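Trainee: I have a structure open and would like to talk it through. Could we start with pairing in the sheet?
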Amino acid sequence: MLRIVMNALRTGVVTTRYPAEPSVPPDRFRGAPVLRPGSHLPPPAVCPTGAITERTDEDGRHVALDLARCVFCGRCAEDPWADAVTMGRDFELAARRREDLRLEVIADDPTPRPGAGQAALSMTPAADRDAEAARASSEIRRVLGRSLHLRHLDAGSCNACDWELTALLNPVYDIRRLGIDFVASPRHADGVIVTGPVTRNLETAVRRTFDAVPDPRVVIAVGACAASGGIVGEGYASAGGVDRVLPVDVYIPGCPPRPEAIIFGILVAVGRLDARRAR
Amino acid sequence: MALATVVATDEEATDGDLKVRYVFEPTSAGTPDRFVTLLVSVDPTRPEVPSLTATVPAANWHEREMQDLFGIVPVGHPDPRTLVVHDGWPRGVFPLRKAFDGSQHVPIEPAVEFPHLVAEGEGVFEIPVGPIHAGIIEPGHFRFTSVGETVLHLDARLFYTHRGLEKRIEGLSPLDAFHVAERICGVCSVAHGLGYCEALEQIAGVEVPARARLVRSIALELERLYNHVGDIGNICAGASFHYGAATGMRIKERLQQLNEQVAGHRFLRDLLVPGGVRLDLSGTLLAVIATSLQETRAALDGLMGRIEANPSIVDRLDDTGILSNQAAVDLAVAGVAARASGVDRDARRDHPHAAFAGAGPRDLRVATASEGDVMARMTIRALEARESIRLVGELVRRLEPGRLQAEIPEPVPGGRIGIAAIESPRGEAVHWLRLDADGRVERYHLRSPSYHNWPAVALAAETAIVPDFPLVNKSFELCYSCTDR
């Protein structure tokens with residue numbers, strides 16, 4: 001026992017200060033792809049999950065990237081497209097609306113067009129993202145001097161997102177310090193945090209668990225599969241994303257999202273919980 | 001010989017039949033790296049094969065799976081209940097037949113309750129658990145039959161996370177298919193990515209450069225290491241030893257942060273690619289790996305010392321959840337669970353892959369135990385984690401400058417079969433791949449170690465009491481996602 005106490009004292013505090021202090025991912029980390037307007041943007045076929053789409057109108061070829069589908073593999077940023085796409089560093093990508101996760105640029109037009117193209121250049125929801133993060137942290141203090149309790153729901157994930165949720169409980173992320181915790185019963189929860197694309201064999205369980213959560217409740221979709229179907233897509237055994245079955249409040253892109261990205265998403269959701277309560 | 005995998009294929013368009021391949025492998029240590037395939041042609045108008053389950057117990061789930069997905073009936077099977085498809089799946093619809101369009105949604109039909117196998121009698125209770133568990137765990141349904149605290153029988157129903165990935169992968173280009181194979185399971189990403197790559201490279205006749213092989217093996221050992229250390233922590237959690245649980249989680253987190261530095265990804269995804277690897281390991285990164293592993297070694301030794309010095313924990317682990325050697329052999333159990341029950345098998349030695357088939361170390365130390373209890377499984381993990389740390393050092397020392405990727409021909413020739421067996425953190429995974437004439441995936445099948453080990457968990461649980469089930473389960477630490485696919 002004494003040795004355990006001594007060892008704990010020697011180890012000291014290992015807990016991160018995120019989100020009070022920013023988290024800087026390592027050099028090789030692949031965050032949100034940045035599309036540069038130019039003529040060498042990759043064709044849709046390069047993406048293994050179909051996150052890249054294109055259409056042509058009088059302005060030229062529009063190439064769009066859906067961050068909800070993206071698995072951040074980096075294939076679109078390899079030769080011969082390395083000049084057109086780079087894997088960015090941004091991982092704080094959670095959005096309340098699916099369409100906010102769509103980036104679009106015009107391939108053949110080097111001058112960005114006002115509107116869609118411009119927004120894409122500055123990475124879509126980014127306009128109010130910093131303000132949003134600040135607001136979310138104050139929200140959690142204000143609204144949830146009480147705490148946010150979430151029920152995890154595995155809707156057919158590959159377990160990577162699940163393990164990252166488990167990591168939130170480890171001494172390094174210790175999400176309980178933010179007043180957030182995972183609970184065993186949906187009846188004790190303020191919402192569900194869902195991983196996986198919703199398999200046919202789990203659809204009933206997913207609906208029943210959600211129904212058991214008292215209103216108002218949030219639904220957070222974690223990872224590419226939950227946000228869009230991801231690498232699994234849609235088929236005989238997969239619904240192709242949580243929003244096919246439940247009303248999703250926040251989408252957290254990633255395959256899987258790193259723990260800080262999930263913390264960010266949960267904080268975004270907290271602001272939303274207040275809005276739904278007021279309604 | 002032991003059953004390695006069973007692969008059914010629909011070859012009606014080319015050969016006018018369905019085929020079932022029973023793939024066997026030698027079981028004794030040190031036997032040559034080979035597979036023996038028993039090929040059975042099945043008439044599509046009368047799709048039946050005699051069931052092998054009574055003589056080869058490991059064939060049980062394989063036969064039920066091909067009945068569900070191909071409509072091939074194992075005649076005489078002792079337990080022909082559905083396995084992969086659940087309540088409400090229409091009769092006579094077989095998703096892995098070529099005529100079935102995998103992108104469709106199949107209507108849910110009214111269904112009767114699944115016939116769980118239960119015992120009856122005075123004082124006998126039934127305890128249903130799952131599929132949604134009280135924690136952050138993958139989904140499965142466990143039906144315990146107990147008398148008091150003693151487990152009489154455990155009926156585990158899985159395949160809740162069946163995503164239809166083997167159908168999804170059909171028709172994809174070999175590169176696109178790699179991304180799906182790598183994402184079948186989170187914590188086996190390197191192992192499954194590697195197995196797919198080796199099967200493909202076998203078909204294409206591609207020789208992977210020596211440096212790429214070494215980097216692949218380093219990744220495979222890093223994956224084993226963070227899994228094993230995390231599992232030891234989880235076993236502590238199962239025994240309510242919170243200091244051990246927190247320490248295990250902390251070391252695992254440090255290792256996953258190392259992964260993110262090495263590959264840009266905490267689960268080492270997208271480091272591998274068919275033909276080789278995408279990222280090199282530079283001098284600075286190698287130094288970071290060396291330092292981290294040195295720290296891990298010290299922290300792991302400290303943790304194991306605390307566990308072994310704590311009689312109340314040791315008492316929970318000793319003689320709990322025993323898997324007999326005979327059961328492990330009969331069920332073709334893989335990995336840590338097999339070695340803890342005295343089965344001396346390790347695919348790194350028995351089916352050499354990555355650097356073990358190239359310039360890698362030849363002196364792999366395979367640890368075994370005879371007790372087959374939770375303690376044995378934990379001890380084997382600790383030994384293997386230390387061995388992984390040693391191996392990474394060995395592998396790094398052997399790195400010579402060289403190419404990282406070999407060219408995969410376009411298209412890859414069809415018709416040929418690739419089989420690769422990889423020692424994942426949970427044990428031997430067997431990958432079976434064949435491409436069509438256009439060089440696209442015709443059939444891919446993964447037999448994960450968890451697939452063979454799940455029935456063993458049920459057997460081990462029957463030697464324990466209900467409150468010890470989480471502990472027994474965590475000592476096996478199986479994946480649902482790579483079982484269900």
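Trainee: Which residue is the bridge partner of B:Val7 in β2(B)?
Mentor: The bridge partner of B:Val7 in β2(B) is B:Arg21. Please keep in mind that this is a predicted model, in which local features need pLDDT of at least 70 and side-chain atom pairs count only at pLDDT 80 or more, while totals for chains, interfaces and linings use all residues. Residues are numbered from 1 along each chain as its sequence is written, and chains are lettered from A and ligands numbered from 1 in the order in which they are written.

Trainee: How many bridges join β1 to β2 in chain B?
Mentor: Nine bridges join β1 (residues 2-11) to β2 (residues 17-25) of chain B, and these strands run antiparallel. Strands are DSSP runs of E with at least two residues, helices are runs of H or I with at least four, and both are numbered from the N terminus. Two strands pair if DSSP finds at least two bridges between them.

Trainee: And which residue does B:Tyr22 pair with in β3(B)?
Mentor: B:Tyr22 has B:Leu38 as its bridge partner in β3(B). Seven bridges join β2(B) to β3 (residues 36-42) of chain B, again antiparallel.

Trainee: Changing topic, how many helices and strands does chain B have?
Mentor: Chain B has 16 helices and 13 strands. Its C-alpha atoms fill a box of roughly 65 × 60 × 40 Å along the principal axes.

Trainee: What share of chain B is buried?
Mentor: Buried residues make up 54% of the 485 residues in chain B. A residue is buried if 20 or more other C-beta atoms, placed from the backbone, lie within 10 Å of its own, exposed if 12 or fewer do, and partly exposed in between.

Trainee: Is B:Asp315 buried or exposed?
Mentor: B:Asp315 is exposed, because 12 other C-beta atoms lie within 10 Å. B:Asp315 is placed in α9 (residues 311-317) of chain B. B:Asp315 and B:Val49 are 266 residues apart in sequence and 47 Å apart in space, C-alpha to C-alpha.

Trainee: How many residues of chain A are in contact with chain B?
Mentor: 48 residues of chain A are in contact with 48 residues of chain B, where contact requires C-beta atoms, placed from the backbone, within 7 Å.

Trainee: Which element gives the most to chain A's side?
Mentor: α4(A) gives the most to the side of chain A that touches chain B, with six residues.

Definitions and conventions: Contact = placed C-beta atoms within 7 Å.
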